Amino acid sequence: ETVSYGHPQRLRYTLDNDLLTPEQRLFYEENGFLLIRNLVSKQDIDRFRGEFERICRQEIKVPGLVVMRDVAIAKSEFVPDQRAVSKVQDFQEDPELFRYCSLPKILKYVECFIGPNIMAMHTMLINKPPDAGKKTSRHPMHQDLHYFPFRPVDRIVCAWTAMETVNRQNGCLVVLPGSHKGTLQEHDYPEWEGGVNKMYHGVRDYDPEHPRVHLEMEKGDTVFFHPLLIHGSGMNQTQGFRKAISCHYASGDCYYIDVKGTTQENIEKEVKEIIVRRHAVGDELTFKDTWAIRGRLVQGERISM
Ligand SMILES: CCCCCCCCCCCCCCCCC(=O)SCCNC(=O)CCNC(=O)[C@H](O)C(C)(C)COP(=O)(O)OP(=O)(O)OC[C@H]1O[C@@H](n2cnc3c(N)ncnc32)[C@H](O)[C@@H]1OP(=O)(O)O
Ligand SMILES: Nc1ncnc2c1ncn2[C@@H]1O[C@H](COP(=O)(O)OP(=O)(O)OP(=O)(O)O)[C@@H](O)[C@H]1O
Ligand SMILES: O=C(O)CCC(=O)C(=O)O
Ligand SMILES: [Fe+2]
Ligand SMILES: [Mg+2]
């Protein structure tokens, strides 16, 4: 939808605020993402990196933290350092890493998209490994909403910060601008010969002709994006571990939905299987509960989440 000056503007994806310029606001409305250069300080990022390395060396143990290894190396010999870890998620109980989610600089932007009541719902530090030769370091094109049983969709946003130079060589984010204006697509495992990481679902009928934008970023640059924006990341063709830290936020006035009978049923089933295996609980813990337990209020009020 085009915005015409001189007429009341219908802005759906951003809220009235005095931080974003009109150009930035329109950019997010049209494209579904907004890149802010140099937002997080080098000092903060170095601290997050140090904490991540301590976790990998198993010097600290964080309750609830999930450590994921790349599927290509999952069966190889265990080494307690970052070479074995492709992602940690759910670091809400690690005060040092969780500082990222509460940084005032980040929250000021988040508020422009979801309002003053802010819940940190999902946290990740991604350590994309050098590809082991099977292209398993790729992340298929997907919409993050696929994983989320809460709404409304426009009151959810992701902040993703590069912890070092992130470019096409080491597998930067790839986005389909404007795809946030569509609906939630069906997701499933892509048919990749070399294997796919657990839960790395992709949009089933991904249109390779849709214009793509590679988001090349420097340390501290941060992109905010809508949960319907189709995005993924390429193979890491370098010898380094490409690092980024991210948090998905939702408004404290969002509400949970039942995904039964929707395209999200397949991910609900997988999450439940993992939880039953890991925590030896039965069906009494619902998909919603797993999110309500992880969510943390970082600003304002927790109304219905
Ligand atoms: C409480 C968990 C809730 C998780 C909810 C996740 C929600 C995510 C929301 C995200 C929102 C944003 C969008 C995210 C986009 C996609 C994602 O990033 S999804 C999140 C990433 N995926 C996961 O976190 C999956 C959860 N991981 C696990 O459960 C485990 O790490 C594991 C993959 C099951 C591995 O188990 P573990 O016990 O740690 O490992 P092993 O004992 O060595 O291996 C067991 C078995 O699993 C195989 N394996 C290991 N790693 C992988 C892998 N990366 N991919 C696929 N398979 C893997 C391994 O080979 C073993 O297999 P075997 O045949 O039994 O030998
Ligand atoms: N067959 C596919 N199905 C779904 N997603 C794919 C497929 N092939 C690539 N992608 C995704 O597209 C994005 C870019 O992939 P790719 O690794 O090919 O990088 P690229 O930017 O095309 O670089 P290059 O120019 O080296 O090919 C990644 O998110 C990747 O996971
Ligand atoms: O850092 C990346 O490769 C992107 C990961 C991603 O999009 C996700 O985990 O949802
Ligand atoms: Fe994602
Ligand atoms: Mg390609």
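Colleague: Which residue has a side-chain N or O atom 3.0 Å from a nitrogen atom of ligand 1?

Modeller: This is a predicted model, in which local features need pLDDT of at least 70, side-chain atom pairs count only at pLDDT 80 or more, and totals for chains, interfaces and linings use all residues. Residues are numbered from 1 along each chain as its sequence is written, chains are lettered from A and ligands numbered from 1 in the order written, and side-chain values use heavy atoms, with hydrogens and water left out. A polar contact is a pair of N or O atoms within 3.5 Å; within protein, one must be able to donate a hydrogen and the other to accept it, and residues adjacent in sequence count only if both atoms are side-chain atoms. The residue you ask about is Asn-197. An oxygen atom of ligand 1 also lies 2.3 Å from a side-chain N or O atom of Gln-89, and a polar side-chain atom of Lys-87 is 2.4 Å from a ligand oxygen.

Colleague: How many residues surround ligand 1, and which element gives the largest share of the shell?

Modeller: A residue is near a molecule or strand if one of its heavy atoms lies within 4 Å of it. Here 23 residues surround ligand 1, and the closest are Arg-69, Lys-75, Lys-87, Gln-89 and Lys-198. Helices (H or I, at least four residues) and strands (E, at least two) are DSSP runs, numbered from the N terminus. The largest share, three residues, comes from H5, which spans residues 265-279.

Colleague: Which protein atoms hold the iron ion, ligand 4?

Modeller: Donors are N, O and S atoms within 2.8 Å of the metal (3.2 Å for Na, K and Ca); water is not among the atoms, so sites may look incomplete. The protein donors are His-142 (NE2), Asp-144 (OD) and His-231 (NE2), 2.1 to 2.2 Å from the ion. Asp-144, in the loop between strands S5 (139-142) and S6 (150-151), and His-231, in strand S13 (residues 231-233), are 87 residues apart.

Colleague: Why do Asp-144 and His-231 count as buried?

Modeller: Buried means under 20% relative accessible area, exposed over 50%, partly exposed in between (1.4 Å probe, protein chains only). Asp-144 counts as buried because its relative accessibility is 7%; for His-231 the value is 4%.

Colleague: Which residues of helix H2 are buried?

Modeller: H2 covers residues 42-56. Its buried residues are Asp-44, Ile-45, Phe-48, Gly-50, Glu-51, Phe-52, Ile-55 and Cys-56. Their cover includes strand S4 (118-128) and strand S14 (242-251). After H2 comes Gln-58, with a positive phi near 60°.

Terms used. The expected span of a helix is 1.5 Å times one less than its number of residues. Contact means heavy atoms within 4.5 Å.
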